[in-house]
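Trainee: I am new to this structure and would like to understand how its descriptions are reached. Could we go through them one at a time?

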Amino acid sequence: MSGPGGTVLLGIGGGIAAYKAAELARALVQRDLAVQVVMTAAAQEFVRPLTFASLTGRRVITDMFSSASPEATLSSAVEHIGVGQEAGVLVVAPATADLMAKFAHGLATDFLTTLYLAFTGRVVLAPAMNTNMWRHPATAANLETLRARGHRIVDPEDGFLACGMIGPGRLADPETIAEAVWQELHPRRDLEGETVLITAGPTQEPLDPVRFISNRSSGRMGYALAEAAAERGARVILVSGPVNLAEPAGVRVVRVRTASEMREAVLANLEPATIIIKAAAVADFHLASVPEQKIKKTAARLSLALDPTPDILAEVGRAKGGRLLIGFAAETENLRQEARRKLQTKNCDMVAGNLVGREGTGFDAEENEVILALRTGEVLELGRAPKRVVAGRIFDEALKLRLALHALDER
Ligand code: CTP
């Protein structure tokens, strides 16, 4: 059922704005997208499925258990999984407070909510509801969950609402929603022409042939950055310490073990780089001369004299020329000050700072919550989100920052 521009699932929730979904359906069809409409029972109270069938040229899916026979119910269940496989995007407009709550908590109570759970593509949500419902902490919390899951939210507009109130809650313009869907289907290639050099993971500093010093970095943040950059069209060189992760598609991976090997790999690949991101958790100390034999156990206390490793970021900071340099600061306290300090001392353009040693974010976690200290003096707070979402935001901000720095230089 795919159209020349791709295939979209349009889920319609039960709100007064459901009639505007007809305009959205038309805007999507005009972009040469094949549109399969799914309506909740409540949506059908506001608009008739025939409207959407006429606009899209295909039967509207109205209910999961529309038939009395078990076979038909089963084939309907199989159908909604099948429908989800073909489409690149599921857009829900209007996304009611009720639907967002069900999505956030994984409830599968009808066709649309079941389809959402079975769907593996990109999700766009265009909420619309009464202002008080929009502002309710329950809705706000659900929205945050859905945002953190990487879904694109097309925020409602301010204005007169059907309930007579004035405030936020009105469904965004159908064209704006259609544009968001288009962007999800045809992601930006705004890093084309860039060479992005990224370091990731921990380093291991040997103490003898069988032991080493290392840290808890999993490499996920750096790998997420590499994946995001490649997807947006960059040539990516990923200098990776020892990690347990699959190599991202289309990325050149250079494997290293120690800080000094990482330094060599970075310097060897510096020349073509236009953006450098040092996400690796480099060991700060190492044993300068590693014994050839295993250190044997004795009853006496063992002291090891450790020397500092080279600070790769600081060295790159001195040689960076016109390249955009982004460092990381993993801290257990004083995040802002430390991120700012590292920005200055290591001559970075941006430092992404995060608190480590907490449950669920930072080292060895799926999510991260970072602040971005910029050379312009600004500090941005990115909310807690999956590392892949944070990676995307870092590139968005890096591109904006480069423009801002050029503008400052020209003054
Ligand atoms: N870094 C580096 N080489 C090192 C140590 C750190 O390139 N030998 C880089 C990291 O990749 C990161 C940034 O410097 O981008 C900050 O790392 P962090 O360990 O937080 O900072 P340190 O300079 O080690 O400072 P401190 O240990 O005092 O917090």
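Mentor: Let us begin with the aromatic rings, of which the model has one pair, where rings of Phe, Tyr and Trp (its six-membered ring) pair if their centres lie within 6.5 Å. This is a predicted model, in which local features need pLDDT of at least 70 and side-chain atom pairs count only at pLDDT 80 or more, while totals for chains, interfaces and linings use all residues. Residues are numbered from 1 along each chain as its sequence is written, and side-chain values use heavy atoms, with hydrogens and water left out.

Trainee: Why is the pair of F103 and Y116 called stacked?

Mentor: The ring centres of F103 and Y116 lie 4.3 Å apart and their planes meet at 20°, so the pair is stacked, given that planes under 30 degrees apart count as stacked, over 60 as edge-to-face and the rest as tilted.

Trainee: Which helices hold F103 and Y116?

Mentor: F103 belongs to helix α5 (residues 97-105) and Y116 to helix α6 (residues 111-118), so that the pair links distant parts of the chain, 13 residues apart. Helices here are DSSP runs (H or I, at least four residues), as are strands (E, at least two), numbered from the N terminus.

Trainee: Are F103 and Y116 buried or exposed?

Mentor: Both F103 and Y116 are buried, a word that stands for under 20% relative accessible area, with exposed meaning over 50% and partly exposed in between (1.4 Å probe, protein chains only). Of the 411 residues in the protein, 51% are buried.

Trainee: What makes N334 partly exposed?

Mentor: The relative accessible area of N334 is 42%, and therefore N334 is partly exposed. N334 lies in the loop between β16 (324-331) and α13 (335-345), and its phi is near 45°, a positive value in a residue other than glycine.

Trainee: Why does N347 count as partly exposed?

Mentor: N347 counts as partly exposed because its relative accessibility is 38%. The loop between α13 and β17 (350-355) holds N347, whose phi is near 55°, again positive in a residue other than glycine. Most residues other than glycine have a negative phi, and most peptide bonds are trans.

Trainee: Which residues does a cis peptide bond join?

Mentor: A cis peptide bond joins A93 and P94, with omega at about -5°, and P94 lies in strand β3 (residues 89-95).

Trainee: How many helices and strands does the protein have?

Mentor: The protein has 14 helices and 21 strands, and its C-alpha trace spans about 80 × 60 × 40 Å along the principal axes.
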